[in-house]
Amino acid sequence: MGTIYQDRIMTIPEVHPEHKEYWDAAVEGKLLIKKCASCGEFHYYPRVICPHCHSDKTSWFEAKGTGHIYTYSVMRHGKPYAIAFVELDEGPRMMTNIVDCDLDEIRIDQKVKVVFKQSGNQENPGSFIACFTPIESD
Amino acid sequence: MSIKGAAYIAGAFEHPLRKAPDLSVAAIHAECARGALADAGLTFGDVDGYFCAGDAPGGVLSMVEYLGLKVRHLDGTDIGGSSYIAHVSHAAQAIAAGKCRVALITMGGRPRSEGRSGVKQKIVAANVPDTPFEIPYGPTAVNEYAMAAMRHMHDYGTTSEQLAWIKVAASHHAQYNPNAMLRDVVTVEEVLASPMIADPLHRLDCCVVSDGGGALVVVHPDIAKNLNRPLVRVMGAGEAPKGLQGGKTNLTYSGAVWSGPKAFEEAGVTPQDIKYASIYDSFTITVLMQLEDLGFCEKGQGGKFVADGNLISGVGKLPINTDGGGLNNNHPASRGGIVKVIEAVRQLRGETNPEVQVKNCDLALVHGTGGGLSSRHGSATLILERV
């Protein structure tokens with residue numbers, strides 16, 4: 001049988017001034033992370049000042065949008081959904097949801113790619129949210 | 001400056017109610033304050049330092065007015081459920097620095113009456129930098145701790161059976177606590193048969209949702225020695241935040257890896273010296289991870305350490321949470337730290353139920369994890385000695 005993914009209403013996030021580019025890119029299906037020119041490190045969630053070396057030489061970087069599942073948990077109380085941390089191929093681990101799949105088949109280390117889901121609902125649509133779905137392994 | 005020996009816990013009080021729909025939250029704080037001061041043999045007029053956290057309605061200013069206090073030192077540090085463990089350390093620091101001599105710490109709340117629980121989405125405050133990148137994904141208390149458990153199982157082979165032993169130990173202790181919310185002894189099989197809430201945590205891996213509260217009175221050594229109470233001395237403390245580290249997070253350890261060693265160093269003792277431990281048990285995984293991170297066993301060996309009754313008083317090597325803990329006794333305001341300190345004080349004074357009292361209990365550790373294990377949490381460690 002499995003537990004097939006169902007759409008759910010995602011809470012609309014606040015858009016802070018330093019994240020406007022991030023949310024604008026999400027509408028176009030692009031996942032932006034930050035890269036620091038001083039230390040060369042990526043970070044997530046994006047900040048003006050690098051959390052690793054504290055330089056302000058941070059700039060937007062379009063992630064490939066692929067990675068693997070670091071950990072996850074399927075909520076079984078109420079409508080099921082899968083919260084997870086995905087480790088991007090660029091390195092940072094980000095909180096996300098695993099979507100468009102059988103939630104019972106989710107595994108740590110599974111390869112995934114980004115897909116965007118719109119937050120809010122029809123009456124009150126919000127930002128597009130970076131989620132991930134397993135990549136077929138054949 | 002060290003806080004070793006700088007202060008004593010003279011008063012401790014745990015609110016007896018587990019459901020309090022007819023009490024305001026401020027009134028719960030006040031009843032706990034009165035109880036702890038009476039326990040110490042002191043009065044509201046003796047208090048010159050006040051400490052509270054995010055559960056206190058209106059914060060320090062509203063509470064000081066409500067309680068009718070006249071104080072010269074205030075501290076509203078909030079690191080979730082572990083706040084009150086840190087408050088004991090902060091009170092000792094303030095007493096050592098001459099900022100106050102009688103510090104009152106209060107907490108209380110009624111999530112049970114208000115219908116809150118760990119499967120509901122967290123409340124979001126404005127302008128918090130991280131929440132736009134988390135809240136759409138539906139993080140709750142239980143699925144955040146579940147993700148840490150899932151990765152711990154993956155990396156170290158920890159099993160649901162091993163986690164269940166933590167609940168079994170809590171239930172063994174709770175049967176002797178007349179105030180405990182859940183008093184039935186459960187088996188590993190019953191834990192595993194309880195409904196799955198968020199993989200891999202079952203309902204019985206989760207703490208209770210209860211009303212209630214507690215209070216502590218921390219005093220200068222000169223005052224402690226003039227009170228007719230057993231002497232419980234503050235020996236050492238540590239605190240540490242842990243977050244997502246800019247995306248470099250590892251969810252298999254907690255901030256206890258930093259707060260624990262600081263506390264042991266200050267107290268001049270080791271994990272092997274500890275006779276009793278109050279270990280924050282929001283979920284079973286919280287206990288297992290903290291025991292590893294504090295050095296009670298090797299990293300990754302927590303599953304073996306907690307199994308087979310090793311945490312049961314009179315049975316195992318390390319009795320913990322002899323009141324039944326958050327898993328069985330209470331989790332007032334969804335913040336369990338103050339009750340952890342209170343039970344350690346009872347053990348050191350020899351005032352627990354004889355069935356769970358640790359023999360010759362002269363050295364105890366209290367540790368808390370407040371907040372979310374897979375986002376941000378505050379770790380606080382405290383070591384106490386009976387003199």
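**Exercise 1.** How many helices and strands does the secondary structure of chain B come to?

*Solution.* The model is predicted. In it, the secondary structure of chain B comprises 12 helices and 11 strands.

**Exercise 2.** Determine whether the radius of gyration of chain B agrees with that of a compact globule.

*Solution.* Step one: for 387 residues, a compact globule would have a radius of gyration near 21 Å. Step two: chain B has 19 Å, which agrees with this expectation. Step three: along its principal axes, the C-alpha trace of chain B spans about 55 × 50 × 40 Å. Step four: 63% of the 387 residues in chain B are buried, where a buried residue has 20 or more other C-beta atoms within 10 Å of its own. Step five: of the contacts in chain B with a separation of 6 or more, 77% are between residues 24 or more positions apart.

**Exercise 3.** Describe the side of chain B that touches chain A.

*Solution.* Step one: 26 residues of chain B contact 33 residues of chain A. Step two: α4 (141-156) and β5 (196-198) of chain B each contribute at least two residues to this side; the largest share, 6 residues, comes from α4(B). Step three: by class, the side of chain B has 15 nonpolar, 7 polar and 4 charged residues.

Technical notes: Residues are numbered from 1 along each chain as its sequence is written. Chains are lettered from A and ligands numbered from 1 in the order in which they are written. This is a predicted model: local features need pLDDT of at least 70, side-chain atom pairs count only at pLDDT 80 or more; totals for chains, interfaces and linings use all residues. Two residues are in contact if their C-beta atoms, placed from the backbone, lie within 7 Å. Helices (H or I, at least four residues) and strands (E, at least two) are DSSP runs, numbered from the N terminus. Ala, Val, Leu, Ile, Met, Phe, Trp, Tyr, Cys and Pro count as nonpolar, Asp, Glu, Lys and Arg as charged, and the others, Gly among them, as polar. The radius of gyration is taken over C-alpha atoms; the globule rule is 2.2 Å times the number of residues to the power 0.38. A residue is buried if 20 or more other C-beta atoms lie within 10 Å of its own, exposed if 12 or fewer, and partly exposed in between; C-beta atoms are placed from the backbone.
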